[in-house]
Amino acid sequence: MDTFVEEHQTFRDELATIARDGRRRWIYARQPSGRLYRARTVVSVFLLAFLVLAPFVHFRGQPLVMLNVIERRFVLFGTMFWPQDFYLVVLIALGVLVTLALSTVTVGRVWCGWLCPQTIFMEMLFRKLEFWLDGSAGQQLRRDHGPWDRGRIMLAVRKHAIVFALSFGLANVFLAWIIGKDDLWRIVTDPPRQHVGGLTAITIFSLVFYGVFARFREQACVLACPYGRVMSSLIDPHTITVTYDSVRGEPRGKRRKDAEAASAGVTGDCIDCFQCVTICPTGIDIRDGIQMECVNCTACIDACNDVMRRVDRPEGLIRLTSHEAMRSGTGGWLTARVTAYGAVWLVLVAVVAALLWTRRDLDVLVLRQPGTLYTTTLGGDLANFYTLQAFNRSNRPVRFSIDVVEPRGATVMPLGPLDQVGPHGLLEGRFLLRAPTSALTGASTPVRLAVRADGEPAGEVVSSFLGPASTVRP
Ligand code: SF4
Ligand code: SF4
């Protein structure tokens, strides 16, 4: 580690947002500008549109995304996953987790700064709104340290009313992500007493979002988010992340004229202007080295590049590089750890792709009805009761039939309609399986049923048939 970083380790004992006496230090981050901020803005427009519209846009008869954890029904890009597909949902979640780990090991906390909904809403919606309503960071700071006059009260009321209204809108969208737009619409339009639970959820979500975006803000990343802590521990000297080039920047010179000294090699390129600090949304000084509070937003890169242009020094004093590359000028990112994570990721993606590819539209589950034994029919045959569940994953109705493969001579007698299941539907029913005693092999005879969907073979289901223990094949 660089000497200058070792000398400045005290920052690791405290948080930039909390004073020594425990009081909150409010961060008045300047508004970023520059190449990377423009790129982030473009990315955030697409992400905001996706986050807000995903539950309302339908694709293949289903919302783009629905994560109904209450009923364990999930829809991802028009593909529905029933509780029976839970293993697939778990594998997909595992794949997302490994993707995040792999991306963090290689390119740092790119998720935090560029893709996380908390950052997107905080930095690209609410903070921009603040700049628009309350002026620059300097104006906000001066006003907040001034008297509570009429102008300040009016501005505060206006801002908090708008933040709460947006939080209320987000709460509705969030609920739509869980229960879908139709159920949300019913909650909104039906008499309130019919949806006390739903309305309570909207109220709680609204208050939480308002609290997070109006007060808690960057503390969500710095203090509350477990992902930030876990992912920070994955970063190593080969990880490409936002890095201050201390080799080039130190010793830093305070005054602008020191830039001339820098050219002469007396001081480093850093002119100690603090532009990278005052723009940081988590209030840290990236020149102290990589820190857990850094969300990789790259705002300090834009700020420093702007300074370097003004003092006629090369851009990139703060840049996306690895600590190793900054120190030695070399250092590839393809380490053994990256290779191992990459291999796990590839296996997971291949398994999930294969399972999705081979997944049938119709899934039939047959169980012998619990608590029942065999019964004897008028003709002397034996019969067992079964329950049937048919899940249709497609967006069209599916006709199906059940034929007995084993035991020979057995027949299915439906107890109610058991031949068609609607689009994305679930059909539950019962049937009687009637078998001649000559076909049974004892107290429990294996049962194999062939399923046909729309006339095509759609797999087999197995169960068992209970009979008297003395039954023997002739
Ligand atoms: S913006 Fe650049 S020059 Fe200014 S203090 Fe930060 S690293 Fe140094
Ligand atoms: S140090 Fe730079 S990249 Fe990290 S959070 Fe602050 S401004 Fe963003």
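A residue counts as buried when its relative accessible area is under 20%, as exposed when that area is over 50%, and as partly exposed in between. These words are used throughout this walk through the structure, which is a predicted model.

Start with helix 2, which covers residues 35–53. At 1.5 Å a residue, the 19 residues of this helix should span 27 Å, and the C-alpha atoms at its ends are 27 Å apart, so expectation and model agree. Within helix 2, the residues Y37, R40, S44, L48 and L51 are buried. Seen down the helix axis, the buried residues fall within an arc of 75°, so they line one face of helix 2. On the other side of the helix, R35, R38, V45 and F46 are exposed. The buried residues of helix 2 have a cover that includes helix 4 (110–115), helix 5 (117–134), helix 7 (150–179) and helix 15 (299–310).

One of the exposed residues of helix 2, R35, also belongs to a network of salt bridges, together with D306, R309, R310 and E315. Side chains of opposite charge can pair when their charged atoms come close. In the whole structure, a search finds 29 salt bridges.

What links E130 to K159? Their side chains meet in a salt bridge, with 3.6 Å from N to O. Because E130 lies in helix 5 and K159 in helix 7, the pair ties together parts that are 29 residues apart in sequence. With a relative accessibility of 6%, E130 is buried. K159 is buried too, at 16%, since the limit for this class is 20%.

A second salt bridge joins the side chains of D363 and R393, at 3.1 Å from N to O. This pair links distant parts of the chain, 30 residues apart: D363 is in strand 8 (residues 362–368), while R393 is in the loop between strand 10 (382–392) and strand 11 (398–406). D363 is partly exposed, with a relative accessible area of 25%, whereas R393 counts as buried at 10%.

Strands of a sheet pair through backbone hydrogen bonds, either parallel or antiparallel. Here four strands form an open sheet in the order 13-11-15-16, and the pairing is antiparallel. Its edge strands are strand 13 (420–421) and strand 16 (456–466), each of which pairs on one side only. Strand 11 pairs with strand 13 over two bridges, and V398 stands opposite V421 of strand 13. Strand 11 is also joined to strand 15, by six bridges in the antiparallel sense.

Which residue of strand 15 is the bridge partner of E406? The partner is R448. E406 also forms a salt bridge with R448, with the closest N and O atoms 3.4 Å apart. E406 lies in strand 11 and R448 in strand 15 (residues 444–453), so this pair ties together parts that are 42 residues apart in sequence. E406 is partly exposed at 28%, and R448 is partly exposed at 30%.

E406 has one further feature, in the backbone: the peptide bond from E406 to P407 is cis, with omega near 0°. P407 is in the loop between strand 11 and strand 12 (411–414). Another cis peptide bond joins E250 and P251, with omega about -5°. P251 is in the loop between helix 12 (246–249) and helix 13 (258–263).

Two other loop residues have a backbone angle worth checking. Phi of F77 is near 50°, a positive value in a residue other than glycine. F77 is in the loop between strand 4 (73–76) and strand 5 (79–81). Likewise, T298 is not a glycine, yet has a positive phi of about 70°. T298 is in the loop between helix 14 (275–278) and helix 15. Are these residues buried or exposed? F77 counts as partly exposed at 49%, whereas T298 is buried, with a relative accessible area of 3%.

The last stop is T106 in helix 3 (residues 86–107). T106 is buried, with a relative accessible area of 13%. Leaving out residues up to four places away in sequence, T106 touches T239, I240, W333 and V338.

Note on methods: Residues numbered from 1 in each chain as written. Chains lettered and ligands numbered in written order. Predicted model: local features only at pLDDT ≥ 70, side-chain atom pairs only at ≥ 80, totals over all residues. Heavy atoms only, no water. Expected span 1.5 Å × (residues − 1). Buried < 20%, exposed > 50% of the residue type's maximum accessible area, 1.4 Å probe, protein only. Arc of directions from axis to C-beta. Contact = heavy atoms within 4.5 Å. Salt bridge = Lys/Arg side-chain N within 4 Å of Asp/Glu carboxyl O. Pairing = 2+ DSSP bridges.
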